[in-house]
Each structure stands twice: as C-alpha cells, then as structure tokens.
Amino acid sequence: MTETILFTRGVPPVEALPAVQIGQCMVAALESDGGVILQYGNIGGYPPLRRMLAEDFGVSEREVVVGNGSLHLQDLFAAITIEPGATVLVEQPSYDRAIKTFRRRGAKVLGIPLEDDGVNLELLEAELRRKVPAFLYLVPDFQNPAGISTSEAKRRALVGLAEEYGFWVIEDIPYRTLRYRGTDLPLLREISPKRVVTLSSYSKLISPALRVGYMIAPAEVVANVTRLAEETILSPVLPTQAAVAEFRRRGWLDANVVSLKQLYQPRLQAMVEAVKRHLPGVSFAEPEGGFFLSLTLPPEAHSANLVERAQQAGLILTEGKTFFADPLERQSSAAEGERFVRLPFCAVTPEQIEEGVRRLAALV
Ligand SMILES: Cc1ncc(COP(=O)(O)O)c(C=O)c1O
C-alpha cells in the first residue's frame, strides 16, 4: 500500500520530543517547589522563568508574562486591543490561526502582500493613511507559512511606521532560534520597543504540549493581559513552566536546540532539492530556518481542487486559502490562495519529502 505523506503538520516530530529529560525536570521541580507550583497563583508566570526571560530580553519582570502557550497570550492581547470596527493588518499570507483569532475578536483582518524580504511597504503605508489598525501582526523570522524573513531595512521601517502612526506591532517569533544558516537579524524590539509586543514559546524548542509561551511588552500591556488572564484561566500551568525553568537551568535547552537543528537542517535541504528537481519552473524563497518552505504555483499550473486531488494521490496538504486574510482594495488574492502551497519539512523524513514533492509535481 502506498504510504500517505503528511505535508500538513507544522509540529515537531515525535523523535524531537525530549520526554525523559522533561520527566526529570518535572520531578525536580515538584520536589523543590511543589508547594508553589501545585497551588493557584503567580498569574504572570512562574517567577524564576519570568526572571530568566526578563534577563534574556533585557527588560524588567513587569514587562514579561508567561502563559499557556503564545496563541493564548496573542488572543488575550487581541481581546484588549480590538475595538468594534477595528482592523488588524497581517502579512499576506499569514499564520492561519492568528487570522482566525483576530476575526473572532471582531476585527476586519487585512493582508499586506508579503515579498521575499517582508511586507510591501508602499501598500502598507497606503493602508495606514486610509485607516490606522489596532495592530500589525508579523512573523518576521522564518514565517509561518511562507518561510521567509523580514529584512533589517524593513524591520526598521516597520518600527518607524508603528511609532509614526501609533499602532502596535506584534512580532511573533516561535521559530527564531531554529536558524540553520545565515545570521540573526535584529528583533523589532531591539530597534525600538515602544510599540512592539514580542510573542514566543517553548513549543518548537522543547514541546508544544507543555503550553509554555510568553509575551514581552510595555508594563501596562502586560498588566492588562495578566488581568484578563486571571479572569479567564485563574492560574497558568505552573508545573510545566517550572519544568521549563529547570530544563534551562540544567543547560538542556541549548543542547536540545543543537540537536533539533541537526535533525531539521537536512530536512530543509531535502525539501529545497526536491522542489528544485521536481518543480523546476516554480520560484520560491529559500528559508534559512524554521519549519516551512512555501510555493506559489504559476497561474498556468493545474491548481484547482489541489487538496482533494492530492489526497487521492496519498498526499495531505493544507488548503492554501486558509493562510489568506481579506485582500486590500484592488489586490485580488482569492486565486493566489488557491495557488499557494505550504510545505512543512520538520515532521517528515528526507525520503518522505522526496516522494511527497514528486507526487505534488505530478498533480500540477
Ligand atoms: C507563527 C506561530 N505563532 C504561534 C504559534 C502557536 O504557538 P504556541 O504553541 O506557543 O501557542 C504557532 C504554532 O504553530 C505559530 O506557527
């Protein structure tokens, strides 16, 4: 029987989950601090982990909140900033769950076309002149879904626009540490932190199910998010936060990141080579890290009903349209969404990548 290949999963593969080490950290945390981490409390997060993060980012603890995954904090931020009639701007394409969260909180979500080095600044500024959004949501490092990174020049311009027009910029950076080549670009907050909210988590670096994510933001934003968190979840999951703190204290995070890069880098390479070999006419931006490489099929490609046809061929794809927010006026992107294919490479072996891309090429 033909093996079904999943090009849908933006998750770490099972072999990347350090179960034994997490178990040891959990036991150590319960033995040393059980009275604190088994109790309600510390809604801003487990204090030792909060302190570590404050140190990482060079901020005070009042500018850090650790919550149940970064998506949760992102949703709370959306809840406090989206007023009736507000717009939120995202990269087009963008992280599908973020688009959904912002819509559910009542925003009109508009996509600013994403180029190989970040959003199109002219179109962004034209939209800003029309209406100032509640915030702009970006995944500037190895974007989900496109795999590209925002250039330093665009990062500087975006921070400048946020200050000039007075809107928040979320930099969502869960993949930033997973760089396989090249050098780090500055965080938006390193350029100027005034209007920047940084979100990230340990989901891609240790385990997603621990649900340990964090937000770094001005103290009043952290206070508002923390208040709403208290009213909705009462207390974050302190045992897993304490296990993460212990994992870091033992020096295991850096070691884990090294082994993740050793596992993922050849998978990215395999994806790049397979796409070049089987889809030679399709241009794409080569990611320098993260989980995703993506393609926009040329207009002449056979892209109609691609997801259904792929499924029949034993290849599971995510619908490209889910990554697309509403287009800006005069920018049509319905057809573009249909031609957009996200290819996550971390949870598939090089052999599955080669076979999956071969099947995709045969369909288009
Ligand atoms: C860009 C981006 N942001 C946030 C998340 C959610 O992360 P967490 O597990 O921290 O909620 C993901 C997960 O895939 C993601 O790709």
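The model is a predicted one, and the protein in it has 13 helices and 13 strands. Its radius of gyration is 21 Å, close to the 21 Å that the globule rule gives for 364 residues, so the protein is as compact as a globular protein of that length.

**Overall dimensions**

- Taken along the principal axes, the box filled by the C-alpha atoms of the protein is roughly 60 × 50 × 35 Å.

**Packing of α2 and α9**

- Two packed helices are described by the angle between their axes and the distance between the axes.
- Helix α2, which spans residues 47-57, packs with helix α9, residues 238-249, at an angle of about 50°, and their axes are 8 Å apart.
- Because angles of 65 to 115 degrees count as roughly perpendicular and those under 35 degrees as roughly parallel, the angle between these two helices makes α2 oblique to α9.
- The crossing of α2 and α9 is left-handed.
- On the α2 side the contact is made by Pro48, Leu49 and Met52, which meet Gln241, Val244, Ala245 and Arg248 in α9.
- Sorted by class, the residues in this contact of α2 with α9 are 5 nonpolar, 1 polar and 1 charged.

**Surroundings of the ligand**

- The ligand is surrounded by 13 residues, of which the closest are Gly69, Ser70 and Leu71, together with Ser201 and Ser203.
- By class, the shell around the ligand comprises 7 polar residues, 5 nonpolar residues and 1 charged residue.

Notes
Residues are numbered from 1 along each chain as its sequence is written. This is a predicted model: local features need pLDDT of at least 70, side-chain atom pairs count only at pLDDT 80 or more; totals for chains, interfaces and linings use all residues. A residue is near a molecule or strand if its C-beta atom, placed from the backbone, lies within 6 Å of it. Ala, Val, Leu, Ile, Met, Phe, Trp, Tyr, Cys and Pro count as nonpolar, Asp, Glu, Lys and Arg as charged, and the others, Gly among them, as polar. Axes are lines fitted to C-alpha atoms, for helices over the stretch in contact, and angles run from 0 to 180 degrees between N-to-C directions. Helices (H or I, at least four residues) and strands (E, at least two) are DSSP runs, numbered from the N terminus. Angles under 35 degrees count as roughly parallel, over 145 as roughly antiparallel, 65 to 115 as roughly perpendicular and the rest as oblique. A crossing is left-handed if the near helix is turned anticlockwise from the far one by less than a right angle, and right-handed if clockwise. Two residues are in contact if their C-beta atoms, placed from the backbone, lie within 7 Å. The radius of gyration is taken over C-alpha atoms; the globule rule is 2.2 Å times the number of residues to the power 0.38.
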